[in-house]
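Reader: I'd like to go through this one label by label. Can you tell me what each term rests on?

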Amino acid sequence: MSDAVGGQTRAQLLLALRTAILLVSVAVVCGLGLANLVRHLGSHEFPLAQVGAFAALAAVLAVEAVLLVRRRPWGRLRLPAVAVVLAASVLSAATLPDGRTASGVDWVFGAANWVGLVVLLDRPLRTVVAFLSAHELIAALNLVLFDDVDKGDLARLATGSVNVIGFPLCVAVVAAVLNRLAAEAAAAGAEIERVRTEEAVTAESHRRRQQRFAELADGTIPLLAGLADGSLNPEDASVQRRSAIEAARMRRLCAETDVVTNPLLHELRHCADVADRKGVVVELEARGHWPTPPVTVRRDLTDAALTALATAASWARVTVVGDHELVSVNVVADCGEVEPPRPATPGVRVEVLGNGETVWMEARWQPTT
């Protein structure tokens, strides 16, 4: 959850930064840049080239506005957008009147830098530095290669470069720092959540161990204690029956934590495995589909079958039949007279019929009740 919250906070912060930079860029391009372009349009030998360059920058800003509304990043459009911005810078610089680079006529010199920052705001700082350097290089090469350079031109270029590179670079540094802080905050939140999750898992595991110990305290632990201190004779038939029943209950207890599609059948198979290890022939059949009973209900449904399977002499047959209205667990075995535990759940009913060594037991549960 903390990862999601941290990611959401970082996304909101980036969205606010993108919105602010877009507003600044629109003010620079459509305000100062457009005003200089209109004011000096007559001095350009190729005015349509300047208008085309302005339209390209405006198109990039329009795409950024759409992406902001849809809260989407540039993605694959980023590289073409940067190429459009640099192409507009080259087109405008190449068609400037002689000696007008970095002057008021050169409107693109102070506009394209902000548009590029809009596209690269969420990228690493070195990427923004590389773009601003390329933008500056375009103006410098145009001045050196196509104009008669004097000290005044170089001074004008250097002075203009302070604003063209300095301000966007400062904004990029702030954005990089905020992004790093947001990432560190998200990582710290994720670590805190991880520690809390581990503590909760540990506490839950401890609670389950205590619960299992309490569940074994009434039957298994007294049996083991009696065998250990010699008060119970392992050769006694009743002790052996108790041991078999408690072993089956322990197997069922372990099976309750398994993640399976049908827990009731899964636990019955574990109970049948105890009988199978003694050489008892066990048949297990299932018919129908039923909702998953709660753990307490499953224990009541399997107790009768568990008792019969654990004490069967040679054979046992278990049948599970169910639907959304009734779940029935039937067992027939040559286990002699046995008394299964009374159900702890009010909705479970157990019936026992005996005929000599053969015993039939049925446990029923109605999900609707």
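Author: Let's begin with pairing: two strands pair if DSSP finds at least two bridges between them. Strands (E, at least two residues) and helices (H or I, at least four) are DSSP runs numbered from the N terminus. This is a predicted model, where local features need pLDDT of at least 70 and side-chain atom pairs pLDDT 80 or more, while totals for chains, interfaces and linings use all residues. Residues are numbered from 1 along each chain as its sequence is written, and side-chain values use heavy atoms, leaving out hydrogens and water.

Reader: What makes E3 and E5 a pair, and in which sense do they pair?

Author: They share 7 bridges, which meets the requirement of at least two, and the sense is antiparallel. Val 332, for one, stands opposite Trp 360 in E5.

Reader: How do you know that E2 and E3 pair?

Author: Again by the bridges: there are 7, in the antiparallel sense, so the pair qualifies. Gly 322 stands opposite Val 327 in E3, and the two strands form a hairpin with 4 residues between them.

Reader: Why are E1 and E4 called edge strands?

Author: The open sheet has 5 strands in the order E1-E2-E3-E5-E4, with mixed pairing. Strand E1 (281-288) and strand E4 (348-355) each pair on one side only, and that is what puts them at the edges. On average, neighbouring strands here are turned by 10° against each other, ignoring direction. E4 has its partner in strand E5 (residues 358-365), antiparallel over 8 bridges, with Glu 351 bridged to Glu 362 in E5.

Reader: What packs on the sheet?

Author: Helix H9 (residues 263-277) does, touching E1, strand E2 (315-322) and strand E3 (327-333). Touching means contact, that is, heavy atoms within 4.5 Å. The direction of H9 makes about 170° with that of E1.

Reader: Why is E3 called largely enclosed?

Author: Buried means under 20% relative accessible area (exposed is over 50%, partly exposed in between; 1.4 Å probe, protein chains only). In E3, 6 of the 7 residues are buried, so the rest of the structure largely encloses the strand. Helix H4 (residues 112-120) gets that description too, because 9 of its 9 residues are buried; among them are Trp 114 and Asn 113. Over the 369 residues of the protein chain, the buried share is 39%.

Reader: What joins the side chains of Gln 50 and Ser 92?

Author: A polar contact of 2.7 Å. The term covers N or O atoms within 3.5 Å; within protein, one must be able to donate a hydrogen and the other to accept it, and residues adjacent in sequence count only if both atoms are side-chain atoms. At 2.7 Å, this pair is within the limit.

Key
Axes fitted to C-alpha atoms, helices over the stretch in contact; angles between N-to-C directions.
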